[in-house]
Amino acid sequence: MKEESINGDSGMRGEGFSFWLVGFVLLIVLPLLNVLPGTDSPLHVSDFTLNLFGKFLAFAILALGLDLIWGYTGILSLGHGVFFGLGAYAIGMHMMLSIGTESVYGSALPDFMVWNQVKELPLFWKPFSSAWLSVAAAILVPTIFAAIFGFLAFRSRIKGVYFSIITQALALSAWLVFNRNETNLGGTNGLTDFKTFFGFRLSEPGTQRTLYVVTVFFLGGAYLLCRWIIKSRTGKVLVAIRDSEQRVLFSGYSPANYKLFVFVVSAALAGLAGALYVPQVGIITPAQIGVLPSIEMVIWVAVGGRGTLVGAVLGAVGVNLGRSILTNHFPELWPFFLGGLFIAVVLFFPDGCVGLLRKLGGGWSSRKAGEGLDKPLATSEPGSR
Amino acid sequence: MNGTIQDEEPAHVATERGSIIYLEGVTVDFDGFKALRDLNFIVNYHELRVVIGPNGAGKTTLLDVISGKAKPQSGRVIFGRDQDLLPLRENQIAALGIGRKFQTPSVFGNLTVWENLELSVKRASKGVFATLWAKATRQETERIESGLVTIGLKDKRGSRAGALSHGEKQWLEIGMVLLQDPALLLVDEPVAGMTDQETEQTGQLLLSLADKHSIIVIEHDMEFVRQIARTVTVLHEGTVLCEGPVEKIQSDPRVMEIYLGRKKDKKEDAPAR
């Protein structure tokens with residue numbers, strides 16, 4: 001029987017060591033292997049690979065936030081694609097405007113506006129000509145949106161499966177709104193053909209390398225933030241909400257406020273992830289923010305291991321790595337593989353890869369990881385209003 | 001907001017003569033089913049009151065109304081001298097000093113016994129940000145330590161609460177409620193599912209608490225009621241049937257009728273239902 005709780009401090013030294021080791025590899029080793037060895041060396045990390053990892057690590061930031069709300073607090077959000085999209089579109093809009101007259105039609109307006117015969121830049125686009133305002137908006141817009149949405153949902157005591165359903169409805173409606181040409185966000189084709197970001201040309205390997213390094217920094221920061229929240233007394237209240245919301249309420253805490261807090265933090269992280277994703281990938285479309293991507297994000301966390309921060313990061317990187325390998329070789333198999341993976345997780349290893357490793361490694365790794373939940377989510381609060 | 005009780009707390013004398021909880025004309029209607037009808041119910045300071053009654057008499061609803069879980073359609077609920085409880089949420093009522101122990105043990109299974117108690121300790125603010133930066137003070141640590149002794153879980157402080165036995169969970173929850181430092185304790189069937197020995201110990205615990213707290217206990221187990229009760233209130237169909245010392249209640253023909261009569265009815269009606 002495991003004696004430590006979710007916030008147990010056992011194995012913290014091991015965790016700190018792993019954190020710095022992984023940080024060192026991601027931050028120093030990979031970029032150096034990209035720069036130093038010749039392209040024919042077996043150690044060489046190509047620009048493409050580094051860029052791919054930058055994308056995965058941006059996803060990992062989102063997964064951390066999702067794990068905070070789902071893994072620890074037990075609230076399943078199926079709408080995190082929306083917050084990701086808000087962050088991504090904010091930066092995307094800025095990069096659209098900085099294309100300037102380099103565009104296909106040679107107009108200062110984004111190409112799709114010329115195509116749609118929009119004569120003047122819509123008012124809500126104007127602030128995005130400033131890079132810093134756009135960066136701020138990439139975090140603040142999803143944060144404020146989540147605050148309003150969460151306030152209404154949690155005040156009305158919408159819980160469990162009902163909350164999941166309304167967040168899924170949110171993802172669907174966001175997808176519909178972003179798809180419309182009248183929204184002036186590029187419609188189905190989204191925003192793409194970016195040239196520069198903060199004055200740097202995106203086609204330069206150096207720019208992409210910098211974006212990668214910035215992403216690693218933010219991932220490290222996001223991890224430390226989440227870890228700090230989890231280890232704090234507020235983190236314990238979050239776990240307590242998952243275990244018995246009623247007891248939390250009758251202990252003098254307002255669960256609605258705590259849920260709102262964790263929902264807003266995870267939305268901000270999703271927005272940050274979107275902001276880091278879009279300059280590295282070069283395109284954002286409604287297809288990346290709708291119902292399906294939102295569900296896929298949940299699968300990352302489930303596969304990695306709910307209720308462990310390491311699991312969320314591993315899941316996001318691992319599943320996406322699997323996707324890019326599989327879609328290269330057997331493009332038509334990926335959806336089956338992803339579906340099969342999710343079913344396998346639900347049926348055979350409900351605590352994800354981290355849970356599986358811990359089981360295989362027995363006592364040693366359980367002490368090492370030392371931050372997981374012991375209880376599978378299935379046994380936590382059944383959805384009820 | 002939590003001023004009234006707090007300020008007068010040291011001066012028990014000041015409010016000693018009044019009631020700690022006062023319900024007047026309370027009616028709770030669940031879609032046509034009147035769980036409580038025009039109920040009047042008063043408990044004084046430092047009283048240990050046992051509420052009994054057949055199933056559906058409204059016992060748990062009574063606790064729901066006091067703790068804010070159910071809002072009555074009409075009536076008044078006053079805590080202490082003049083604190084109206086009706087506009088408050090459950091957590092605000094808890095912060096005022098009304099602790100509630102549920103029928104089925106509700107503890108935080110993924111946290112340790114210590115952490116369960118730590119979250120429960122009464123604090124000035126239980127808001128998100130205050131809690132984010134909160135550090136355990138020495139005073140809090142001492143209170144948790146003594147709480148652990150009271151509930152007999154000193155050796156299990158590091159155990160996951162989910163791994164405790166049923167009786168231990170019940171005790172842990174009682175401990176959690178006590179650390180909230182409530183002026184009024186609401187306890188719903190504390191000994192359900194406990195062994196005889198645990199029942200006995202729980203009775204002693206409640207009796208020892210009655211010196212410092214006012215307690216309302218809901219119970220079915222008449223043996224247990226005899227062990228702890230001073231004054232008993234009998235609820236029947238949402239109103240008070242009678243009230244008095246336990247011996248008098250037991251020999252009251254109306255009480256015998258609702259308990260025995262009910263049982264007879266149930267047998268006869270069983271196939272029809």
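In the predicted model, Ile21(B) has Val43(B) as its bridge partner in strand S2(B). This pair belongs to the contact between S2(B) and strand S1 (residues 19-30) of chain B, two antiparallel strands joined by eight bridges. Both strands form part of an open, four-stranded sheet of chain B, with the order S2-S1-S4-S5 and antiparallel pairing. Strand S2 (33-44) and strand S5 (83-84) of chain B lie at the edges of the sheet, each pairing on one side only. Helix H3 (residues 59-67) of chain B packs on this sheet, where S1, S2 and strand S4 (74-79) of chain B are touched by the helix. The direction of H3(B) makes about 65° with that of S2(B).

The contact between the two chains takes 29 residues from chain A and 29 residues from chain B. On the side of chain A that touches chain B, helix H8 (233-250) and helix H9 (255-281) of chain A each supply at least two residues. H8(A) provides the largest share, twelve residues. By class, this side of chain A consists of eleven nonpolar, ten polar and eight charged residues.

The largest nonpolar core comprises 173 residues. Within this core, the residues with the most contacts are Ala60(A), Ala63(A), Leu64(A) and Ala273(A). H9(A) contributes the largest share of the core, 18 residues. When neighbours within four places in sequence are left aside, Ala273(A) is in contact with Ala58(A), Phe59(A), Ile61(A), Leu62(A), Phe84(A) and Gly87(A). In soluble globular proteins, nonpolar side chains tend to be buried together.

Methods: Residues are numbered from 1 along each chain as its sequence is written. Chains are lettered from A and ligands numbered from 1 in the order in which they are written. This is a predicted model: local features need pLDDT of at least 70, side-chain atom pairs count only at pLDDT 80 or more; totals for chains, interfaces and linings use all residues. Two residues are in contact if their C-beta atoms, placed from the backbone, lie within 7 Å. Ala, Val, Leu, Ile, Met, Phe, Trp, Tyr, Cys and Pro count as nonpolar, Asp, Glu, Lys and Arg as charged, and the others, Gly among them, as polar. A nonpolar core is a set of buried Ala, Val, Leu, Ile, Met, Phe, Trp, Tyr and Cys residues joined through C-beta atoms within 7 Å. A residue is buried if 20 or more other C-beta atoms lie within 10 Å of its own, exposed if 12 or fewer, and partly exposed in between; C-beta atoms are placed from the backbone. Two strands pair if DSSP finds at least two bridges between them. Axes are lines fitted to C-alpha atoms, for helices over the stretch in contact, and angles run from 0 to 180 degrees between N-to-C directions.
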